[in-house]
Amino acid sequence: MRKTAISLAMLGGLMAACSSHDPILPGDRTAIFDTANLTILNTEIPNAPTDAPEPVATDCPYTRDTSNVVWMGDRKIFSGFATPNFVKSDAQPICHGGFVYVGLTTGEVVKVNQKNRQIAWIADVYRPSNMTGGASVLDIVAPIVISGGAVYAGGIGDAFCRINNANGTRTWCVDVGTATPFIVADAVAYVVATDNNLYAINTKNGDIYWRTPIRKQATPHLANGRVTVGRQHFDAATGVEITSGK
């Protein structure tokens with residue numbers, strides 16, 4: 001549910017104040033896309049995954065409040081920039097390798113050292129034109145996924161990105177917004193997007209193998225070569241919807 005207690009004047013002031021500047025660090029925020037156009041290959045995925053990897057259970061005793069402050073109990077470990085408009089969610093920080101990874105309402109992912117609270121890096125995960133003239137809500141609410149030396153994150157601000165875990169550099173981003181958990185399996189990411197399509201994305205280079213419409217926003221599941229979204233089932237290799245009895 002989107003917080004609506006915000007006036008148009010306040011929103012306009014927020015957008016003007018933020019524009020292209022990072023709300024956390026000084027300097028300009030760099031552009032993610034040269035173009036907002038999507039190229040769909042409409043091709044079958046070679047050696048498509050049949051099942052999703054088993055989740056790794058990791059205790060992560062951190063929380064992030066709606067003001068972009070990260071807490072461990074009553075201890076503050078990071079303070080971001082509070083935004084007056086945000087999406088209410090149950091998104092939780094992710095712990096991995098001695099670091100905590102957090103998605104913010106400002107459309108950024110931050111990696112923080114758990115021992116000394118030092119910021120390792122901050123990466124933008126949103127399309128800049130959304131802040132200056134489009135969507136005013138940039139939240140990262142889908143759980144962050146860490147796999148094979150990369151961090152995968154998607155936000156409502158029309159961006160799904162692969163980020164180098166070592167230095168925070170974006171390997172690629174595609175103009176796909178998401179608010180639900182996604183699947184990273186082998187070399188493919190299955191993402192339910194805010195435009196009511198299911199996307200199959202090549203995790204190596206960001207190419208989109210295919211997209212197919214969905215009837216309902218729901219967490220995707222991959223098993224036995226099928227991607228299930230709500231009550232719909234799709235072939236994991238082709239994206240073709242599988243009807244009952246097949």
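Which residue forms a disulfide with Cys60? The partner is Cys95, and the sulfur atoms of the two residues are 2.0 Å apart; a disulfide is here a pair of cysteine sulfur atoms within 2.5 Å. The model is a predicted one, in which local features need pLDDT of at least 70 and side-chain atom pairs count only at pLDDT 80 or more, while totals for chains, interfaces and linings use all residues. Residues are numbered from 1 along each chain as its sequence is written, and side-chain values use heavy atoms, with hydrogens and water left out.

The structure holds 2 disulfides. In the link of Cys60 and Cys95, the torsion about the S-S bond is about 70°, so this disulfide is right-handed. Cys60 lies in the loop between α1 (8–18) and β1 (63–64), and Cys95 lies in strand β4 (residues 94–96), so the pair ties together parts that are 35 residues apart in sequence. Helices (H or I, at least four residues) and strands (E, at least two) are DSSP runs, numbered from the N terminus. Both Cys60 and Cys95 are buried, where buried means under 20% relative accessible area, exposed over 50% and partly exposed in between (1.4 Å probe, protein chains only).

The other disulfide joins Cys161 to Cys173, with an S to S distance of 2.0 Å. With 110° about the S-S bond, this link of Cys161 and Cys173 is right-handed. Cys161 belongs to strand β10 and Cys173 to strand β11, so the pair ties together parts that are 12 residues apart in sequence. Cys161 is buried, with a relative accessible area of 0%, and Cys173 is buried at 15%.

A pair of aromatic rings is described by the distance of the centres and the angle of the planes. Rings of Phe, Tyr and Trp (its six-membered ring) pair if their centres lie within 6.5 Å; planes under 30 degrees apart count as stacked, over 60 as edge-to-face and the rest as tilted. A search of the whole structure finds 5 aromatic pairs. In one of them, the rings of Tyr152 and Trp172 have centres 6.5 Å apart and planes at 55°, so the pair is tilted. Tyr152 lies in strand β9 (residues 150–155) and Trp172 in strand β11 (residues 170–174), so the contact ties together parts that are 20 residues apart in sequence. Tyr152 and Trp172 are buried.

The rings of Phe160 and Phe182 have centres 4.9 Å apart and planes at 90°, so this pair is edge-to-face. Tyr152, Phe160, Trp172 and Phe182 form one aromatic cluster.
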